[in-house]
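Visitor: I am new to this structure and would be grateful for a close look at a single part of it. Please begin with the sheet and follow its surroundings from there.

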Amino acid sequence: MSTLSNYIIQDLIQNVSKGVTETFKFVLEKYNSNEVFAYTLYIDDYCSYLGWAANTISHYEKVNYPKEDQPFIKWYYPQFAIGLGEVPEKIDSVFNNEIQNILNDANTLISEGNFEQYQAEVYDSIIEGFKKAIENIDKKKTKNVIFFVSIVDSDNAEIMENYSAEQLNSYDKFLTFKNRFQSKP
(Lines give C-alpha, C1' and ligand atoms only; values in the text may rest on other atoms or scores of the structure.)
Protein backbone atom coordinates (compact mmCIF):
# COMPACT_ATOMS: atom_id res chain seq x y z
CA MET A 1 0.00 0.00 0.00
CA SER A 2 1.30 3.40 -0.96
CA THR A 3 1.88 6.04 1.70
CA LEU A 4 1.75 8.91 -0.79
CA SER A 5 -1.19 9.57 -3.06
CA ASN A 6 -0.68 9.16 -6.78
CA TYR A 7 -1.25 12.92 -7.10
CA ILE A 8 1.66 13.74 -4.77
CA ILE A 9 3.93 11.22 -6.49
CA GLN A 10 3.12 12.56 -9.97
CA ASP A 11 3.44 16.18 -8.80
CA LEU A 12 6.85 15.43 -7.29
CA ILE A 13 8.03 13.61 -10.43
CA GLN A 14 6.88 16.48 -12.70
CA ASN A 15 8.43 19.21 -10.56
CA VAL A 16 11.73 17.37 -10.07
CA SER A 17 11.90 16.93 -13.83
CA LYS A 18 11.17 20.62 -14.35
CA GLY A 19 13.68 21.69 -11.67
CA VAL A 20 16.48 19.50 -13.04
CA THR A 21 15.80 20.67 -16.59
CA GLU A 22 15.89 24.35 -15.63
CA THR A 23 18.91 24.19 -13.34
CA PHE A 24 20.94 21.95 -15.64
CA LYS A 25 20.19 24.30 -18.53
CA PHE A 26 21.47 27.18 -16.36
CA VAL A 27 24.65 25.22 -15.56
CA LEU A 28 25.24 24.57 -19.27
CA GLU A 29 24.74 28.26 -20.05
CA LYS A 30 27.35 29.16 -17.43
CA TYR A 31 29.86 26.38 -18.22
CA ASN A 32 30.90 24.50 -21.33
CA SER A 33 29.27 21.05 -21.30
CA ASN A 34 32.73 19.41 -21.45
CA GLU A 35 33.52 21.13 -18.13
CA VAL A 36 30.59 19.68 -16.18
CA PHE A 37 31.31 16.26 -14.67
CA ALA A 38 28.65 15.89 -11.98
CA TYR A 39 25.08 17.01 -11.35
CA THR A 40 23.37 15.83 -8.20
CA LEU A 41 20.19 16.19 -6.26
CA TYR A 42 20.55 15.98 -2.50
CA ILE A 43 17.94 15.31 0.12
CA ASP A 44 17.94 14.69 3.86
CA ASP A 45 16.98 11.45 5.62
CA TYR A 46 13.60 12.93 6.59
CA CYS A 47 12.75 14.01 3.02
CA SER A 48 12.11 17.57 4.19
CA TYR A 49 14.04 19.39 1.43
CA LEU A 50 15.61 18.77 -1.95
CA GLY A 51 18.52 20.69 -3.42
CA TRP A 52 20.78 20.48 -6.43
CA ALA A 53 24.47 20.96 -7.15
CA ALA A 54 26.79 20.69 -10.13
CA ASN A 55 30.53 20.43 -10.43
CA THR A 56 33.04 21.33 -13.09
CA ILE A 57 36.56 20.33 -13.97
CA SER A 58 37.72 23.97 -13.80
CA HIS A 59 36.34 24.32 -10.27
CA TYR A 60 38.06 21.09 -9.28
CA GLU A 61 41.35 22.39 -10.69
CA LYS A 62 40.85 25.79 -9.03
CA VAL A 63 40.54 24.10 -5.63
CA ASN A 64 44.03 22.75 -6.41
CA TYR A 65 43.81 19.21 -5.09
CA PRO A 66 46.45 16.83 -6.46
CA LYS A 67 44.65 14.58 -8.92
CA GLU A 68 46.96 11.56 -8.74
CA ASP A 69 47.30 11.54 -4.96
CA GLN A 70 43.60 11.88 -4.24
CA PRO A 71 41.47 10.90 -7.24
CA PHE A 72 38.38 10.79 -5.03
CA ILE A 73 38.62 14.44 -4.05
CA LYS A 74 36.46 15.67 -6.93
CA TRP A 75 33.57 13.90 -5.22
CA TYR A 76 34.07 15.86 -2.02
CA TYR A 77 30.62 17.43 -1.71
CA PRO A 78 31.37 20.83 -0.15
CA GLN A 79 33.46 21.60 -3.20
CA PHE A 80 30.62 21.70 -5.73
CA ALA A 81 31.01 24.63 -8.12
CA ILE A 82 27.39 25.72 -8.16
CA GLY A 83 24.11 24.81 -6.55
CA LEU A 84 20.95 25.73 -4.73
CA GLY A 85 21.15 29.24 -3.32
CA GLU A 86 24.02 30.33 -5.54
CA VAL A 87 21.96 31.29 -8.58
CA PRO A 88 19.19 33.79 -9.25
CA GLU A 89 16.01 33.02 -7.28
CA LYS A 90 14.10 32.41 -10.50
CA ILE A 91 16.34 29.42 -11.31
CA ASP A 92 15.89 27.91 -7.83
CA SER A 93 12.17 28.66 -7.59
CA VAL A 94 11.02 25.15 -8.51
CA PHE A 95 13.14 23.71 -5.69
CA ASN A 96 12.41 26.50 -3.18
CA ASN A 97 8.69 26.70 -3.86
CA GLU A 98 6.97 23.91 -5.77
CA ILE A 99 9.09 20.96 -4.61
CA GLN A 100 9.38 22.33 -1.09
CA ASN A 101 5.59 22.68 -0.86
CA ILE A 102 5.10 19.11 -2.09
CA LEU A 103 7.58 17.79 0.48
CA ASN A 104 5.94 19.85 3.23
CA ASP A 105 2.53 18.41 2.33
CA ALA A 106 3.93 14.89 2.03
CA ASN A 107 5.62 15.13 5.43
CA THR A 108 2.20 15.44 7.07
CA LEU A 109 1.56 11.84 5.97
CA ILE A 110 4.43 10.38 7.98
CA SER A 111 3.57 8.16 10.90
CA GLU A 112 5.73 6.00 13.10
CA GLY A 113 4.73 2.88 11.21
CA ASN A 114 5.09 4.09 7.63
CA PHE A 115 8.30 6.13 7.57
CA GLU A 116 10.44 3.65 5.62
CA GLN A 117 7.72 3.21 2.98
CA TYR A 118 7.23 6.98 2.81
CA GLN A 119 10.96 7.57 2.44
CA ALA A 120 11.27 4.95 -0.33
CA GLU A 121 8.34 6.48 -2.26
CA VAL A 122 9.84 9.97 -2.05
CA TYR A 123 13.29 8.74 -3.12
CA ASP A 124 11.83 6.70 -6.00
CA SER A 125 9.75 9.68 -7.17
CA ILE A 126 12.80 11.94 -7.15
CA ILE A 127 14.82 9.44 -9.16
CA GLU A 128 11.93 9.02 -11.61
CA GLY A 129 11.63 12.79 -12.11
CA PHE A 130 15.40 13.08 -12.48
CA LYS A 131 15.40 10.29 -15.09
CA LYS A 132 12.60 12.01 -16.99
CA ALA A 133 14.59 15.26 -17.13
CA ILE A 134 17.76 13.52 -18.33
CA GLU A 135 15.83 11.86 -21.16
CA ASN A 136 14.91 15.32 -22.47
CA ILE A 137 18.43 16.79 -22.34
CA ASP A 138 20.62 16.69 -25.44
CA LYS A 139 22.79 13.55 -25.04
CA LYS A 140 25.83 15.36 -26.48
CA LYS A 141 25.70 17.77 -23.55
CA THR A 142 25.54 15.00 -20.95
CA LYS A 143 28.17 12.57 -22.25
CA ASN A 144 30.69 13.48 -19.51
CA VAL A 145 28.21 14.13 -16.70
CA ILE A 146 27.47 11.70 -13.88
CA PHE A 147 23.97 12.14 -12.47
CA PHE A 148 23.12 10.94 -8.96
CA VAL A 149 21.10 11.56 -5.80
CA SER A 150 22.71 11.88 -2.39
CA ILE A 151 21.38 11.88 1.15
CA VAL A 152 23.01 14.64 3.17
CA ASP A 153 24.76 13.66 6.40
CA SER A 154 23.54 10.09 6.20
CA ASP A 155 25.21 6.73 6.68
CA ASN A 156 23.21 5.66 3.63
CA ALA A 157 24.53 8.39 1.31
CA GLU A 158 26.90 6.17 -0.68
CA ILE A 159 24.23 3.48 -1.06
CA MET A 160 21.78 6.04 -2.49
CA GLU A 161 24.45 7.60 -4.69
CA ASN A 162 25.39 4.27 -6.24
CA TYR A 163 21.77 3.13 -6.59
CA SER A 164 20.68 6.37 -8.24
CA ALA A 165 23.78 6.56 -10.45
CA GLU A 166 22.94 3.10 -11.75
CA GLN A 167 19.36 4.21 -12.51
CA LEU A 168 20.32 7.51 -14.15
CA ASN A 169 23.46 6.79 -16.20
CA SER A 170 24.83 4.39 -18.77
CA TYR A 171 26.41 1.27 -17.34
CA ASP A 172 29.93 2.51 -18.16
CA LYS A 173 29.35 5.84 -16.42
CA PHE A 174 27.82 4.03 -13.47
CA LEU A 175 30.88 1.77 -13.10
CA THR A 176 33.19 4.78 -13.24
CA PHE A 177 31.15 6.46 -10.54
CA LYS A 178 30.84 3.34 -8.39
CA ASN A 179 34.63 2.98 -8.37
CA ARG A 180 35.24 6.68 -7.70
CA PHE A 181 36.95 6.18 -4.33
CA GLN A 182 39.32 3.46 -5.48
CA SER A 183 42.87 4.61 -6.05
CA LYS A 184 44.39 4.07 -9.43
CA PRO A 185 47.19 1.48 -9.81
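Guide: A residue is called buried when its relative accessible area is under 20%, exposed when it is over 50%, and partly exposed in between (1.4 Å probe, protein chains only). This is a predicted model, in which local features need pLDDT of at least 70 and side-chain atom pairs count only at pLDDT 80 or more, while totals for chains, interfaces and linings use all residues. Residues are numbered from 1 along each chain as its sequence is written, and side-chain values use heavy atoms, with hydrogens and water left out.

The sheet is open and consists of 4 strands in the order 3-2-1-4, with mixed pairing. Strands here are DSSP runs of type E of at least two residues, helices are runs of H or I of at least four, and both are numbered from the N terminus; two strands pair if DSSP finds at least two bridges between them. Strands of a sheet pair through backbone hydrogen bonds, either parallel or antiparallel. Strand 2 and strand 3 are joined in the antiparallel sense by 2 bridges, and A54 has I82 of strand 3 as its bridge partner. Strand 1 and strand 4, in contrast, run parallel and are joined by 6 bridges; here T40 has F148 of strand 4 as its partner.

Since 6 of its 6 residues are buried, strand 4 is largely enclosed by the rest of the structure. Its cover lies on both faces: I146, F148 and S150 are buried on one side, and F147, V149 and I151 on the other.

Although Y39 and F24 are 15 residues apart in sequence, their C-alpha atoms are 7.7 Å apart in space.

Y39 also takes part in the aromatic pairing. The whole structure holds 11 aromatic pairs. In the pair of Y39 and W52, the ring centres are 5.9 Å apart and the planes are at 15 degrees, so the rings are stacked. This pair links distant parts of the chain, with Y39 in strand 1 and W52 in strand 2, 13 residues apart. Both of these residues are buried. The rings of Y42 and Y49 have centres 6.4 Å apart and planes at 70 degrees, so that pair is edge-to-face. Y42 is partly exposed because its relative accessibility is 21%, and Y49 is partly exposed at 30%. For such pairs, the ring centres of Phe, Tyr or Trp (its six-membered ring) lie within 6.5 Å; planes under 30 degrees apart are stacked, over 60 edge-to-face, and the rest tilted. Ring pairs also link F24, Y39, W52, F130 and F147 into a cluster.

The nonpolar core extends this picture. Such a core is a set of buried Ala, Val, Leu, Ile, Met, Phe, Trp, Tyr and Cys residues joined through side-chain atoms within 4.5 Å. The largest has 44 residues, and those touching the most other members are Y39, L41, L50, W52, V122, I126 and F130. Among the elements that give two or more residues to this core are strand 1 (36–43), strand 2 (50–56), helix 4 (115–135) and strand 4 (146–151). Helix 1 gives the most, with 10 residues. Leaving aside residues up to four places away in sequence, F130 touches V16, V20, Y39, L41, F147, F148, V149 and L168, where contact means heavy atoms within 4.5 Å. A second, separate core of 7 residues includes A38, F148, A165 and F177.

N169 is in the loop between helix 6 and helix 7 (171–178), and is buried because its relative accessibility is 11%. A polar atom of its side chain lies 2.7 Å from the backbone oxygen of F147, and the side chain of N169 also reaches the backbone oxygen of A165 at 2.9 Å. Beyond four places in sequence, N169 touches V145, I146, F147 and F174. T142 belongs to helix 5 (residues 139–142) and is buried, because its relative accessibility is 5%. Apart from neighbours within four places in sequence, T142 is in contact with F24, I137, F147 and K173.

How values were computed: A polar contact is a pair of N or O atoms within 3.5 Å; within protein, one must be able to donate a hydrogen and the other to accept it, and residues adjacent in sequence count only if both atoms are side-chain atoms.
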